[in-house]
There are 2 protein chains.
Amino acid sequence: MTATRLRSTALRFAASLLPLTLLAASEPPPANPGPGDIIAAAPQGDWARIPADDLLVMDLAPDAKGRPRRVVIQLMPAPFSSGWVSNIRKLAAVHWWDDAAIVRVQDNYVVQWGDPDAEDEAKAKPLPAGIAKVPEGEYVFDRKGVNIAAGNSGSEPWTGPDAYAKALGFSGGWPLAGNDDHVWPVHCYGMVGVGRNLSPDTGSGAELYTVIGHAPRHLDRNIALVGRVVEGIEHMSSLPRGTGALGFYESPEERTVIRSVRLATELPEAERPRLEYLNSSSESFVAYARARANRKDAFFNIPAGGADICNIPVPIRKITQ
Amino acid sequence: MTATRLRSTALRFAASLLPLTLLAASEPPPANPGPGDIIAAAPQGDWARIPADDLLVMDLAPDAKGRPRRVVIQLMPAPFSSGWVSNIRKLAAVHWWDDAAIVRVQDNYVVQWGDPDAEDEAKAKPLPAGIAKVPEGEYVFDRKGVNIAAGNSGSEPWTGPDAYAKALGFSGGWPLAGNDDHVWPVHCYGMVGVGRNLSPDTGSGAELYTVIGHAPRHLDRNIALVGRVVEGIEHMSSLPRGTGALGFYESPEERTVIRSVRLATELPEAERPRLEYLNSSSESFVAYARARANRKDAFFNIPAGGADICNIPVPIRKITQ
């Protein structure tokens, strides 16, 4: 083994998921820029600020070493899942999740949180007034007026066909799938959805989950997606797996307590998360998506020639001002 | 919230990934059997024992609470990656990984282990004699003679097309992709591969990784897959993420020590893992794959009509005798 082997291997092997702060390599730009090179070179005008009003800040109890664990969730903009998103904003406004808990961690699937007493009618925490019952019709949206950019159609598609949908692409930085009439959000890693009972209109938004494994695309159109984790997903994905059925924790001690969930706008200006995403309609994003589908940067010898939409994570980065 | 809501939600929501020991529901068989129902009903003849000779048993240092952490890896059978698999058998035989460590955990990507001193020429652990240099030609295999069952072609395909490959399916319980001439293993969750440097022939097998996130299919044909984790993946996927570049741990204290790696055949008969997989050529497997692609069991309102091959995990279960 040479001294550089392990690091070199890792650098090339994982460049596609390199944190953005690390993407500006000190080496000269490669002949075949990779996704990271393209992101690093994207002009500021190709980045869009995520409004504080769309951010939920969830503070978990500190870890065993006393370190804080903050998870930031971006809520989907209208028209997507607007009924559930409205419920979630109301629940956050009344601090409904304070002292709620992460009750389930199922490997390669989901982390789920809410009222740990939800199953006990005597103890279950009542929902506040004004929580709407949302019809299942809101699982999909009229395709008219939704521009799916950088997709699998058009003159320069970045992906081949898909097992789950006729059309794929991004709109406003969100991964979407669609058919001739409708579009819907996609269950990629880190997306946040609404737990529900058997009837599709039973999810209030009080019980949420996030994907911590391979994209369970069969859930698309069958359960509501309302947002995605944009910071701190590692605080969810690295939690101990529950040993009960479906990854539920078997004792209260195993749960992770949620100290608070706040709309970022409720925090003092200085404490609000500041994040921006690469505009999915920008030239940089299209170049990034194509590079993800055709890796030719060092290490890659055989470009795939296509990409699964969940293998084209929308670049998101922290900003200071 | 009703008393049954949360549990009911979860039960339906995650049935597809329910541990097999839980799949034999006490309820009567549903009108539209789900994947779990089909697995539970599969006759014993549709299951195949995984030979102990194909199993690697990796014991990590106990967790913070002193609980043992055993990870079992099934090596791929010939002809797949046979050069690297042969190297790995030699390394295990000489106990090369004893006191090695998990050095990298990158969220939604990989866990990587090997010699923590690999970057230090003075300290790097030398490889034993007989470790072969494997040519990149072994990343793909002649399609002749490899029967890809339950795939995306044939009279009753279970999936639509794929962004990465013309053909998809399973052979001997392994997920494979292919084109007209070749087949290759697929980077699904839990698959184990060989770290390498820039040149495709630089991976010895001493440094390994496993996928703990969305399938990085762009790595297919670019890096060698040699097996999969068949037991204890949660001991890898729930490890704290590394905070260094690419998820490398920044201090030795953060690493998880590997106490030992043994071929199961080196263990006393009574201590060997006993596992079997659902034969991918069996009728039960084909029915299972189709059910994964067209969920019609309770909870699902809109069958996907197709499935990503990595959303059809090969059922594996422990056996007692």
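Where is the place of A:Pro79? A:Pro79 sits in the loop between strand E3 (69–75) and helix H3 (82–93) of chain A; helices (H or I, at least four residues) and strands (E, at least two) are DSSP runs, numbered from the N terminus. The model is predicted, so to set the ground rules: local features need pLDDT of at least 70, side-chain atom pairs count only at pLDDT 80 or more, and totals for chains, interfaces and linings use all residues. Residues are numbered from 1 along each chain as its sequence is written, chains are lettered from A and ligands numbered from 1 in the order in which they are written, and side-chain values use heavy atoms, with hydrogens and water left out.

The peptide bond that joins A:Ala78 and A:Pro79 is cis, with omega about 5 degrees. In chain B, the bond from B:Ala78 to B:Pro79 is cis as well, with omega near 10 degrees, and B:Pro79 lies in the loop between strand E3 (69–75) and helix H3 (82–93) of that chain.

Disulfides come next. A disulfide is taken as a pair of cysteine sulfur atoms within 2.5 Å, and a search of the whole structure finds two over all chains. One of them joins A:Cys188 to A:Cys310, with an S to S distance of 2.0 Å. The torsion about the S-S bond of A:Cys188 and A:Cys310 is about -80 degrees, so this disulfide is left-handed. The pair links distant parts of the chain, 122 residues apart: A:Cys188 is in the loop between strand E9 (182–185) and strand E10 (191–194) of chain A, and A:Cys310 in the loop between helix H5 (283–293) and strand E15 (316–318) of chain A. Both A:Cys188 and A:Cys310 are buried, where buried means under 20% relative accessible area, exposed over 50%, and partly exposed in between (1.4 Å probe, protein chains only). In chain B, the sulfur atoms of B:Cys188 and B:Cys310 are 2.0 Å apart in a disulfide, which is left-handed with -80 degrees about the S-S bond. B:Cys188 and B:Cys310 are buried too.

Two open sheets of chain B are worth a look. Four strands follow the order E6-E9-E8-E7 with antiparallel pairing; two strands pair if DSSP finds at least two bridges between them. Strands E6 (141–142) and E7 (167–171) of chain B stand at the edges, each with a single partner strand, so one side of each is left without a neighbour in the sheet. Strand E8 (residues 174–178) and strand E9 (residues 182–185) of chain B pair over three bridges, and B:Gly178 has B:Val183 in E9(B) as its bridge partner. The other sheet has three strands in the order E1-E14-E15 of chain B, again antiparallel. E1(B) and strand E14 (residues 275–278) of chain B pair over three bridges, with B:Ala48 opposite B:Tyr277 in E14(B).

Two non-glycine residues have a positive phi. For A:Phe299, phi is about 95 degrees; this residue is found in the loop between H5 and E15 of chain A and counts as buried at 4% relative accessibility. For B:Arg221, phi is about 75 degrees; B:Arg221 lies in the loop between strand E11 (208–211) and strand E12 (225–231) of chain B and is buried, with a relative accessible area of 16%.
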